[in-house]
Each structure stands twice: as C-alpha cells, then as structure tokens.
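Dear colleague,

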Amino acid sequence: MKKLLVSILALAAAPGSALLAQNLAGTWQGSLQVPQGPALRLVMKITRADDENLKAVFYNIDQGGVPINASSATQQGSTVKIAISAINAAYEGKLGGDGNSITGTWTQGLGPAPLILTRATPETAWAIPEPPPPPKAMAPDANPGIEVATIKPSRPDEGFSLRGGSNLFSTTATPLRTLIQFANGIHPRQISNGPPWLDSDRYDVTIKPDQEGVPNIAQMRVLVRKLLEDRFKLVSHKEKKELSVYAITVAKGGSKLSPHEGPASNIPSFGFGAGILDIRNSTLAEFAGFLQANILEQPVVDQSGLTGRYDFRVRFTPDAAQLANLPAGAPSPPPVNEADAPPDVFTAFQQQIGLKLENTKAAVDVVVIDKVEKPSDN
C-alpha cells in the first residue's frame, strides 16, 4: 500500500436498532500503520441524526484533517462496514463487547491494513487541526504572464500528473500532445499534424505566473499557451471538423445536480479515482473538459444549457480503458460483489446526477500544428 489518500469521512450509517446506533455514537480514534511511513492518526466523530441514522466525520490528523463523505456505512449486529468511494477505500470491523473499541481492517490501494478504533473521552481525544484557509484566487479578469518557467526531460520512472490549486502550475512526464490538449481544452483527437516526438518525448513543466493568486482553468490554459509559443516555438491554427463526440444533455426527469455551497470561487476541484468522480465547484463546460481528458475516448461537449457551478459525485464501474487512464499511484477500487457493483459511467450519469452522455456528431475545433520545435533550455 503506497501513501494512503486518507482524509476525513462523513459517514451516513444505514438504519439499525436504536441501541446499536447509540453504542456507536461518540468520538473514535486509532492509528493506521502505513508501510514505509509513519502511522496516520485517524479520528471519527459519530452522531445520530433526527431520522435515527448515524452520521460521522472522520479526520486524518496527519494529512491536514480535510473532510470527505463516505459513500455508505452499515451495522449488522457487532459488524461495522464503511465504504469510502471517494478515496477507493473500505473499512470493516467488529464492535467490542464493552462498546468502546472497533477492531477491523482498512482496505485501500495495494492491500489491507489493521485498524483499531477506540472510543475517546474528552481527556484522551486527540486535538484536530484547524483547516487551512482557502487559497486566494487570481483576479478573474487577469491575463497572467509567465514570471519563471522550467522544462526538463522526465525521469524514466515518472508517471504523468498535472497539479494546480496553487500559484504554481506543474506537470510531470507530459508529452507535447497533452500540453497542447490542455492549453486548448480539447481531446487528443482534436490535434492534427505534429512531429514524430509529439507523444514520445515527455517533460516536467513548472510555470510561475507573474500575478498573485491561484489561476483558474482558463488562466492556466493561457499560461500553457504562452509557454508553448515561447519555449516550443509552436505555430498552429484552428479548423472546424465534424467528429464523433459525447454530448452532455439533461436526462428525462431533470438534473439532480446540487449547486455549489462553498465559498464563491471560480476554481473547481476534480477528484478522480477508480470508479469515482468527486466534483466540486465545477461548471458542466469545465467538467466536459475533465471527462474528455481523463475518462472518455472521444471529445465531450456541453449541450445541457446549465450554467451554474455544482457539487456532485458519480460512482461507476470503469472499463479497462478507463482504468488505464487513472493517474499514477491512484488506488485500485475496493472489491465488491457483482450484485453490488455500480453501473457503467453512462448509466451512472442518468441514475445519479440526471445527465446523459449521448454519442453524436458535432463540429468541433481542431488544432493544426504548422510548426513546433523541441523546447529551448531553461
């Protein structure tokens, strides 16, 4: 098991007897031993809702204590089961006879690990850190330039990653095609021409903008376009071409999306694991770009007519091609019984968020490469 992406969980337990539900109410804590790393201190605060269901918040003290929702929790007799699809993890344990401990196994990534949770008292409870303040966003009307940029060949053992959320934009093991794809918000099929090394040469790229704040997606695309023109000497033009696409439309019965309830910001968050999409503060146009870059095999266009920012989660069973697109180091999905397996991504969209992915034809932009060179030295 590599570094676990353990964070906080909000757990909604299935209905059980009032006695058993009362037995679980309280603060629980335990240490999860990680191979080749220090133990992670976990705290779970469980309460009872008005409808008698259990609710809880689970904190990973040693990784910032940021909460995420669990997808399910059940209790049958002394057996407690929790599925945390947002981080592709599961926990199963037995409630002790005295009601003060749960002895179980945490499963995530490469294998299981023992985890014992103990009921805490006000005197023994671990202090939970204050959440970090939200990052300051770059002015939405800013046209950022590049203060500093570095490009270097990737190590053979590196896997592709792209990181935002700070004032630095950075990628690892990134081919030129992917940089052009991101800069223009398009699918790889929307790139024409190019040198033989378009996909074979891979680079680590870091860009620091010349303005304060976290750039939004549109501003990050501007930065990458400027990098391509300056350091790769890219010259290109756009043409319209009819291609097979997936169109996002509203399903019969209407959208089930929830408006974003967090702080006002134009910086979305895309959580992506094996069979789980955890989306925060995203427009459907931004989500379409994420889908075509990470999940689906052809361009995705937003034809929903919805213009808001939304929070939503989709749980689905990925096919082999979708599993292959997982980011480097992402955990595998926890095993599930065939009867409990979620549907494919197309069915999941309709059932869970009231949207359809329709396979159709549409005229889309195609970037035609006229000239490009290998990047200049830093």
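Which residues do ring pairs link into a cluster? Before the reply, please keep in mind that this is a predicted model. Ring pairs link Phe270, Phe287, Phe290, Phe312 and Phe349 into a cluster, and the structure as a whole holds 8 aromatic pairs. One of these aromatic pairs is formed by Phe58 and Trp106, which are stacked, with 6.4 Å from centre to centre and 20° between the planes. Because Phe58 lies in strand 4 (residues 54-60) and Trp106 in strand 9 (residues 101-108), the pair ties together parts that are 48 residues apart in sequence. Both Phe58 and Trp106 are buried.

Next comes the nonpolar interior. As a general rule, in soluble globular proteins nonpolar side chains tend to be buried together. Here the largest nonpolar core has 26 residues, and those that touch the most other members are Leu176, Ile180, Ile207, Val224, Leu228 and Phe232. At least two residues of this core come from each of strand 11 (146-153), helix 2, strand 15 (202-209), helix 3 (217-231) and strand 22, and helix 3 gives the most, with 6 residues. There is also a second, separate core of 24 residues, which includes Leu257, Leu277, Ala288 and Ala348.

Helix 2 (residues 176-184) deserves a careful look, since 7 of its 9 residues are buried. Those buried residues are Leu176, Arg177, Leu179, Ile180, Gln181, Phe182 and Ala183. If neighbours within four places in sequence are left aside, Leu176 is in contact with Trp197, Leu198, Asp201, Leu228, Phe232 and Val372. As for Phe182, the charged end of Arg221 sits over its ring, 5.0 Å from the centre. Just after helix 2, Gly185 takes a positive phi of about 65°.

Finally, there is Asn378, which is found in the segment after strand 22 (355-371). Is Asn378 buried or exposed? Asn378 is exposed, because its relative accessible area is 59%, and the cut-off for that word is over 50%. Even so, Asn378 has partners from elsewhere in the chain: leaving aside neighbours within four places in sequence, Asn378 is in contact with Ala149, Thr150, Ile151 and Arg231. The C-alpha atoms of Asn378 and Thr150 are separated by 5.6 Å, although these two residues are 228 residues apart along the chain.

With best wishes

Conventions
Residues are numbered from 1 along each chain as its sequence is written. This is a predicted model: local features need pLDDT of at least 70, side-chain atom pairs count only at pLDDT 80 or more; totals for chains, interfaces and linings use all residues. Side-chain values use heavy atoms; hydrogens and water are left out. Buried means under 20% relative accessible area, exposed over 50%, partly exposed in between (1.4 Å probe, protein chains only). Helices (H or I, at least four residues) and strands (E, at least two) are DSSP runs, numbered from the N terminus. Rings of Phe, Tyr and Trp (its six-membered ring) pair if their centres lie within 6.5 Å; planes under 30 degrees apart count as stacked, over 60 as edge-to-face and the rest as tilted. A charge sits over a ring if NZ of Lys or CZ of Arg is within 6 Å of the ring centre and within 35 degrees of the ring normal. Contact means heavy atoms within 4.5 Å. A nonpolar core is a set of buried Ala, Val, Leu, Ile, Met, Phe, Trp, Tyr and Cys residues joined through side-chain atoms within 4.5 Å.
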